[in-house]
Amino acid sequence: MPVPGRSRTPDHRQESTNLADILERVLDKGVVIAGDIRVNLLDIELLTIKIRLLVASVDKAREMGIDWWEHDPTLSSGQRDLAEENRQLRERIDALESGGAPAVEQAEREEPGG
């Protein structure tokens with residue numbers, strides 16, 4: 001029940017719904033922000049920085065042919081494979097330095113066709 005003399009409190013729920021709608025629309029359609037920064041001294045161009053920013057959902061980016069994060073080993077699950085490979089290589093180096101055959105090579109020799 002409203003209290004006389006007090007203004008009505010803003011409805012934050014309506015604002016968040018509008019913000020969610022805007023964010024959904026931006027991610028669905030995509031937004032490109034472009035700008036250039038140029039540093040000149042006496043009409044001599046010293047530096048040019050071109051800035052391009054794309055804000056879009058992953059699905060929209062794939063539609064546009066942008067998928068660099070899938071091939072980056074630090075961002076994909078391929079990083080775990082690299083960690084395993086690194087562990088195996090360290091084991092082989094340790095075995096070679098100690099004069100014994102690495103366990104991985106022994107296992108490959110024991111496998112048929114390996």
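This is a predicted model: local features need pLDDT of at least 70, side-chain atom pairs count only at pLDDT 80 or more; totals for chains, interfaces and linings use all residues.
Let me begin at Asp 36, which has its place in strand S1, where strands (E, at least two residues) and helices (H or I, at least four) are DSSP runs numbered from the N terminus. Residues are numbered from 1 along each chain as its sequence is written, and side-chain values use heavy atoms, with hydrogens and water left out.

Apart from neighbours within four places in sequence, Asp 36 is in contact with Ile 49, Lys 50, Ile 51 and Arg 52, contact meaning heavy atoms within 4.5 Å. Asp 36 and Arg 52 are 16 residues apart along the chain, and their C-alpha atoms are separated by 8.6 Å. Their side chains are joined by a polar contact of 3.1 Å; such a contact is a pair of N or O atoms within 3.5 Å, where within protein one must be able to donate a hydrogen and the other to accept it, and residues adjacent in sequence count only if both atoms are side-chain atoms.

Turning to the strands themselves, S1 and S2 run antiparallel and are joined by 11 bridges, two strands being paired if DSSP finds at least two bridges between them. They form a hairpin with two residues between them, and in the turn Leu 42 has a positive phi of about 55 degrees. Asn 40 stands opposite Glu 45 in S2.

Ile 51, one of the contacts of Asp 36, lies in strand S2 and is partly exposed, with a relative accessible area of 40%.

Finally, the chain as a whole: there are five helices and two strands, and from the N terminus on the order of elements is α-β-β-α-α-α-α. Buried residues account for 3% of the 114 residues in the chain. Of the contacts in the chain between residues at least 6 apart in sequence, 17% join residues at least 24 apart. The chain exposes about 10300 Å², of which carbon and sulfur atoms supply 54%, with accessible areas taken from the Shrake-Rupley method with a 1.4 Å probe and, for residues, only the protein chains shown counting as cover.

Key:
Buried means under 20% relative accessible area, exposed over 50%, partly exposed in between (1.4 Å probe, protein chains only).
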